[in-house]
Amino acid sequence: MEKNDNQINIELNEELAEGVYSNLAIITHSQSEFVVDFIQMMPGMPKAKVRSRVVMSPQNAKRLMRALAENVQKYEQVNGVINDIDTPPFPPMNFGGTTNQA
């Protein structure tokens, strides 16, 4: 049997394995890092809660972008095109500064 030295042993505890639901992501960046806040907004509620925050280097943000694009493409090949809802975003896409939403 051939040993693969590129394998990584990834541990996932029970609490994290449950995951969190997010229906909004706000992305900000500086010269040295990207910050992605995953938010859960509930209909009719004036307040939204950040469920998780991920901070990463620009290089890892670009790797994530590519991996996500590749996985969306694979998903659509099997399940059909994902319809992008054309409703005005809330909150607005531009808060000022370097903030974007996904």
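Guide: Begin with a cut-off: a residue counts as buried when its relative accessible area is under 20%, and as exposed when that area is over 50%. Keep in mind that this is a predicted model. Aspartate 37 has a relative accessible area of 11%, so aspartate 37 is buried.

Visitor: Which residue forms a salt bridge with aspartate 37?

Guide: The general idea is that side chains of opposite charge can pair when their charged atoms come close. Here the partner of aspartate 37 is arginine 53, with 2.6 Å between the closest N and O atoms. Arginine 53 is exposed, at a relative accessible area of 55%.

Visitor: How many salt bridges does the structure hold?

Guide: There are two. The other case joins the side chains of glutamate 70 and lysine 74, at 3.1 Å from N to O.

Visitor: Why are glutamate 70 and lysine 74 separated by about one helical turn?

Guide: An α-helix has 3.6 residues a turn, so residues three or four places apart point the same way. Glutamate 70 and lysine 74 are four residues apart in helix α2, which means about one helical turn between them. Glutamate 70 is partly exposed, with a relative accessible area of 42%, and lysine 74 is partly exposed as well, at 46%.

Visitor: How do I read the span of helix α2?

Guide: Compare the span with the length expected at 1.5 Å a residue. Helix α2 covers residues 58-79, 22 residues in total, and reaches 31 Å from its first C-alpha to its last, close to the expected 32 Å. Just after α2 comes glycine 80, with a positive phi of about 95°.

Visitor: Which residues form a nonpolar patch on the surface?

Guide: The patch consists of Leu68, Val72, Tyr75 and Ile82, and together they have about 370 Å² of accessible area. Leucine 68 belongs to helix α2 and is exposed, with a relative accessible area of 55%.

Visitor: What about the strands? In which sense do β2 and β3 pair?

Guide: Read the direction and the bridges together. β2 and β3 are antiparallel, with seven bridges; valine 35 stands opposite valine 55 in β3. Strand β1 (residues 24-29) also runs antiparallel to β2, joined by six bridges. Isoleucine 27 has valine 36 in β2 as its bridge partner. β1 and β2 make a hairpin, with four residues between them.

Technical notes: Residues are numbered from 1 along each chain as its sequence is written. This is a predicted model: local features need pLDDT of at least 70, side-chain atom pairs count only at pLDDT 80 or more; totals for chains, interfaces and linings use all residues. Side-chain values use heavy atoms; hydrogens and water are left out. Helices (H or I, at least four residues) and strands (E, at least two) are DSSP runs, numbered from the N terminus. The expected span of a helix is 1.5 Å times one less than its number of residues. Patches are made of residues with over 30% relative accessible area and no salt bridge: like charges are joined within 9 Å, nonpolar side chains (Val, Leu, Ile, Met, Phe, Trp, Tyr) within 5 Å. Accessible areas come from the Shrake-Rupley method with a 1.4 Å probe; for residues, only the protein chains shown count as cover. A salt bridge is a side-chain nitrogen of Lys or Arg within 4 Å of a carboxyl oxygen of Asp or Glu. Buried means under 20% relative accessible area, exposed over 50%, partly exposed in between (1.4 Å probe, protein chains only). Two strands pair if DSSP finds at least two bridges between them.
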